[in-house]
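The entries follow in the order in which I checked them.

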Amino acid sequence: MGGVGKTALARRWAARTAIHTVMSPVWWLSAQSRTDIAGGLAHLAKALYPVPPQATREQLSEWAVTWLAAHDDWVLVLDGAENPADVGEFLSRLGAGGRILITSRFAHGWEGVGPVLRLDVMEPAEAVSFLRARVGTDMLTADASNLAEAVGYLPLALEQAAAYMEREETTPAQYLMALERDLAGASEGRAGVGHALRAALRAVDDPPAHRVLNVLAWFAPEPVPRSWLSHMAEEPELTGAARNLTRHSLLLSQDDKTLRIHPVVQGVLHEPDEDDPWRSVAALEAARFEATVCLAGALPKDADDPAAWPRWHQLLPHIDALAERVAPGDDNEYFATVLAEAAEFVIGQGEVERGISMLWRAVEGRQRAPGPGYPATLRVTLRLARALRTVGRPREAVDLCESARRSAAMEDPDMLLVWTELADTYRELGEQDRSRQLFLKLCQFATEALEQEYPEWRRSCAAIASLALSVGEPDTAVELYEATLAGCRRDLGGGHLDTIEARSHLAAALYAAGSRERAKQEGAAVLNHLSRLYGTSHIRLIDAISDIARVHEGWEDGLPQAIQGYDEALRRSRAVRGESHPETLNLWGRLHAALMRAGETERAVERGNEWLSAVTESLGPDHPATLRVSAHLADAQWFNGAWTAAISRYKQVLNTRRVMLGEDDPETWESYDRLAFALQEVGDAEGAVPLRATVVAARSRVLGEAHPETLASLERTALAHLGAAGADKAVQLLTGVLGVRLRTHGDDFPDELIRTYNLLGYAYLEAGDHARAIATYESALPQIAEHLGYGDPRTVAMIRNLVEASTAGGEVTSAADLLESAVETLIPILGAEHQDVVAFKEELTRLRHRRGSTDGP
């Protein structure tokens, strides 16, 4: 039943629990449906630890359940549950480590879920006492009793009635007459509270107050800063509206800075009533529009600025509430803007899948208004394409950009950015011809545009320059960045942010083109400008330091500078963003990788321990990010020669991932593979075999038997069997893999197929079956030569394998004949002095000696 005070009581209990106990987290989530529960759990997962960009809401929900089941002393409040089956299924997986409070307006079906505390309406005597205490003891007991009975003894309805009578100075009889007029429109089970609220709404004779209340109805039942509503009225008028609503008990709470209403009040406000001008369909739609404008006006300017993050976290529940209450097809262009900006923030916080959902809806909204091909539509389309690529969905990004490309001319500045993104995505997919064709068209246009000095094309030309770097054209990139920078300096000045950004990109292009000294000068100038503009702790400066370090990393002798840069960027990011921010974790990873590349494994172990300690303190020992760090530390220990310590850590990470993530999670599979590899390397192939078999079974179950990862896992399992003297089992596994690859490879002859042929031939040799090893290599060689050519290193390697198999099988003459043919074929292709040709000649000489003859060419 609504209006008996369930939510208010639950909030008070949760607040007291959070303040007076050590239980943590204390988490509140809506439980009206399985979808709501999953969404609340996903938010809990994100509060507990940073999440991978590609994580879906379902995965996040599962992680939260796993975390709760493995920990104690937490509190969940499931508010507004409607289906006991939904909640019961969820609770059965949580264990007994925490405390759970469920509120529901439905009285039956909860007996099997847990102990039930029935929170009913007030007793008649309690209701009478409340009214007389609230309104005045001169109220007759009979009048109070009649009124309490009329509103069903509901606490919220009684409060509304008392506030109305006190404010309007009406008698209980007059209030009852008002309720009678409203009786026909009351909904069953909520008549009392509906009567009281409608009466209170009719009593409000203040247009600004009605407007404020109607706007709040579209938000979440959370505090709303009054500053968000500032465009609706001047401050004195807004203050008066808030006071008026408080007198009518229509606000749940209000102070000098925030306003909040009860969910039940929101529910009544969303029931259209054409007899009430403030609750007509048109009035509600006008309020929705105003609510959207309020959110748009409250958006921070810079999603990357940590100072704006508290505002974003305040906004997101209200953005989500408006999104849930409005059908996607009814979004207006203001809400599309809100969604696009909110998506940028949540993506920056590591919630890429959530951001992608927002961006899809924003794109659809922009397609309706202002329409396809408009700049605003193209900009949000571009954001979505980039987000899709981030989570490994480049094909969807291509489809999106191709569709947008048909909506406007190429010359539009925003359309140029779409073309550039499309070309880079084709490059990522390996479709080099398409990427190249687009790139050449873009370069031609950029050259002409920069000559004409049109400012609106500068950003597009800078993106084309970035594409030039990606496709291996650093000189073109330098030329375009030079022109872009000159235009920025001319039109904006040397200290403008766009000028500084162009100079930073130019520095990267100069490094790639080999102009390293000038690149260093430009990079240093960028850092100086950013320091003066933003100070030494701004995110833009941190990102610039990281970008310059990444450029250094591209040069083998630049690793020391890269390590120094990453170290400095990391130090500042830890102080500004915090230990658990995705970008801080990313910088830790880059520093670790650079140290490993530089061979500084001892330092990598030292910093890895520091990394692990910081992340453990911030996120806890069982957090997925903590486990990733621990796995990286094990890698460093391994390459530093501490094999026993590394294996012990690999085992610890695997066991924790099995509990926290489950057997079907890719990170758990990675742990199986790392531990198996380490065991094989130290000679314990027998210990590796069951690990390999387990992860093969998991990948086959989740991905399918023909998935590339499953097939690669089978190959690794076969190698483990070879190390454990199980050549026959290895042959069996590899024969199956080869059969699948032959059925699925199409017209190409990919590296994976070549690798399987090589491994199978080797397994036959280990099994002592020289004839089948020879037959395997002989089957593969002509196909490889046809697809790749005789001069390709993979063809040469297959020739070498066939020679070795023939020699091992005693077919020395066949091996020599093969080498003679190979030498004759390769000399015109590679040259007589090529290392492969020389090696074949030397091997041919040895074989001729073995068969007692040195005759021949």
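**Entry on cysteines.** I took a disulfide to be a pair of cysteine sulfur atoms within 2.5 Å, and with that cut-off I found zero disulfides in the structure. Before going further I noted that this is a predicted model, in which local features need pLDDT of at least 70 and side-chain atom pairs count only at pLDDT 80 or more, while totals for chains, interfaces and linings use all residues. I also noted that residues are numbered from 1 along each chain as its sequence is written, and that side-chain values use heavy atoms, with hydrogens and water left out.

For accessibility I used relative accessible area with a 1.4 Å probe and protein chains only, calling a residue buried under 20%, exposed over 50% and partly exposed in between. Cys401 is buried at 0%, and Cys443 is buried at 11%.

**Entry on salt bridges.** I counted a salt bridge where a side-chain nitrogen of Lys or Arg lies within 4 Å of a carboxyl oxygen of Asp or Glu, and the structure holds 61 of them. One of these joins the side chains of Arg354 and Glu351, with 3.2 Å from N to O. Arg354 counts as buried, at 17% relative accessibility, and Glu351 is buried too, at 13%.

I next looked at Glu421 and Arg389, whose closest N and O atoms are 3.0 Å apart in a salt bridge. Because Glu421 sits in helix α19 (residues 413-428) and Arg389 in helix α17 (residues 375-390), this pair ties together parts that are 32 residues apart in sequence. The helices here are DSSP runs of H or I with at least four residues, strands being runs of E with at least two, and both are numbered from the N terminus. Both Glu421 and Arg389 are buried.

A further salt bridge links Arg848 with Glu820, the closest N and O atoms again being 3.0 Å apart. Arg848 belongs to helix α39 (residues 835-850) and Glu820 to helix α38 (residues 812-830), so the pair ties together parts 28 residues apart in sequence. Arg848 counts as buried, at 7% relative accessibility.

Last, I recorded one network, in which salt bridges that share partners join Asp567, Arg574, Glu579, Glu600, Arg603, Arg607 and Glu610.
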